[in-house]
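Please look over the structure shown here with attention to its helices and its aromatic side chains. The report below is meant to be read alongside it.

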Amino acid sequence: MKLHWQIAIALALAVLTGALASADSSLIRFCGFIGGLFLNGLKMVVVPLIVSSIIVAMSTFSEPAALSRIGFRTMAFYTLTTFLAVVVGLAMVNIVQPGIIDGQPAKDILGLATGSAKVSEQVSSAKLSDVSDVFYRMITSNPIKAAADGDLLGLVFFSMMFGIFAARLPGSVGDVQRDFWNGVRETMMGITGVVMRFAPIGVYALVAKAFSSTGVEAIRPLALFFFATLGGLAFHMLVTMSVLLAVIGRVSPIRMLKAMTPALLTGFSTSSSAGTLPVTLECLRSRAGVSERVSGFTLPLGAAINLDGTALYECAAAMFLAQAYGLHLDFTTQFVIVSMAVVTSMGVTGIPSASLVAIAVILGTIGLPLEGLGVLLAVDRALDMCRTAVNVYGDGCGAVVIGRLEGEHDILKPPQ
């Protein structure tokens, strides 16, 4: 049975268990213990997975093509679309406000244990009083200490710098560095995969514990968050990307959707933009008419660093949890959320549920407790399928736009 069906069954059983069992029963206490173990497993992989993924992503630029005109255009387009996706997610959650129920924060309804006063203190201690503090924290004096303290803003910047300069190392020295960090990333992806195999158990334990004290009322904020995020993903895919295709690429968004249909369905069903890459390549080459020169460069790079749907989801999730705790985040903190969502989405490879790790980075950066990850698990799998389709579509749009800018006039040409 596929993982998303296992999680769906676990969620249904958790709601039933939480409705029938009392909050102080032995079963619910055991669920709290198991849920804590699962969250610890997620926390365990955060630092090594993010560091190695970002270093490997930055080392992509060791290829000569990455320094050429097509490389610059590709990176500029991917950065633009990721930023726009995050802004859409931020706007959608601020409009719908899924973390506010009947004028009150949904913390108690969702069963979040950490008090609002303590969370406010943690956010204040993050020292994000103005934008200059954000840039100051980027340059960490001790990356090892930053990793141990959970100061991931500086750690992400250090990883980016390390990857860029490791890519410039000549000969065998550079090969050793790239092979080492690629090996670390593959190892951590394997560990993350093992942790995610226990996601159904983790979902059952965490949701059962929450429902035992809050009941079915917890469904309402989660449903609002689900549909707000879904609406943001749909808006970015059907409106934002359509405008970019029409204005920059000068092609029909309708024909683009038709050409990408097989890849979109594959991405939706597999929840892996990296695993969908062969289908995406075939769609762009045979159905859209993008040359192998352009698609062969832009699509593999996009599968690694262009995750629009993931970035939108990360931002929406962080804002949802902040609302649930009753926090009113200022412009500087929201700027940090946007920036971290853009950066971490580029470092998280297209594997199922890896965005949970990136969300942990954002929450830790702005001072929010990681217990909220357990709440997100209830809807994460379904949203994972949707945001993967958006990721795949964003990669395809990038290839089409870059191909058009490179003078390929037959792309998505209407039938004669």
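Predicted model: local features only at pLDDT ≥ 70, side-chain atom pairs only at ≥ 80, totals over all residues.

**Helices**

Two packed helices are described by the angle between their axes and the distance between the axes. For helix H11 (residues 219–249) and helix H18 (residues 372–405), the angle is about 0° and the axes are 10 Å apart. Because angles under 35 degrees count as roughly parallel, H11 and H18 are described as roughly parallel to each other. Sorted by class, the residues in the contact of H11 with H18 comprise 23 nonpolar, four polar and two charged ones.

Helix H9 (residues 171–197) contains 27 residues, and the distance from its first C-alpha to its last is 39 Å, close to the 39 Å expected at 1.5 Å a residue. The buried residues of H9 are Gly174, Trp181, Val184, Arg185, Met188, Met189, Thr192, Val195 and Met196.

**Aromatic pairs**

Across the whole structure, a search finds seven aromatic pairs. One of them joins Phe158 and Phe162, whose rings lie 6.0 Å centre to centre with 45° between the planes, a tilted arrangement. Phe158 and Phe162 are four residues apart in helix H8 (residues 152–166), and are therefore separated by about one helical turn. An α-helix has 3.6 residues a turn, so residues three or four places apart point the same way. Phe158 counts as partly exposed because its relative accessibility is 35%, and Phe162, at 28% relative accessibility, is likewise partly exposed.

Phe226 and Phe227 also form a pair, and this one is edge-to-face because the planes stand at 90°, with the ring centres 5.2 Å apart. Within this pair, Phe226 is buried, with a relative accessible area of 18%, whereas Phe227 is exposed, with a relative accessible area of 55%.

**Arginine over aromatic rings**

Two arginine residues have the charged end placed over an aromatic ring, as listed in the table.

| Arginine | Ring | Distance from ring centre |
|---|---|---|
| Arg168 | Phe165 | 5.1 Å |
| Arg387 | Tyr313 | 4.0 Å |

Arg168 lies over the face of Phe165, while the charged end of Arg387 sits over the ring of Tyr313.

Note on methods: Residues numbered from 1 in each chain as written. Heavy atoms only, no water. Axes fitted to C-alpha atoms, helices over the stretch in contact; angles between N-to-C directions. Helix = DSSP H or I, 4+ residues; strand = E, 2+ residues; numbered from the N terminus. Parallel < 35°, antiparallel > 145°, perpendicular 65-115°, else oblique. Nonpolar A, V, L, I, M, F, W, Y, C, P; charged D, E, K, R; others polar. Expected span 1.5 Å × (residues − 1). Buried < 20%, exposed > 50% of the residue type's maximum accessible area, 1.4 Å probe, protein only. Phe/Tyr/Trp six-rings, centres within 6.5 Å; stacked < 30°, edge-to-face > 60°. Lys NZ or Arg CZ within 6 Å of the ring centre and 35° of its normal.
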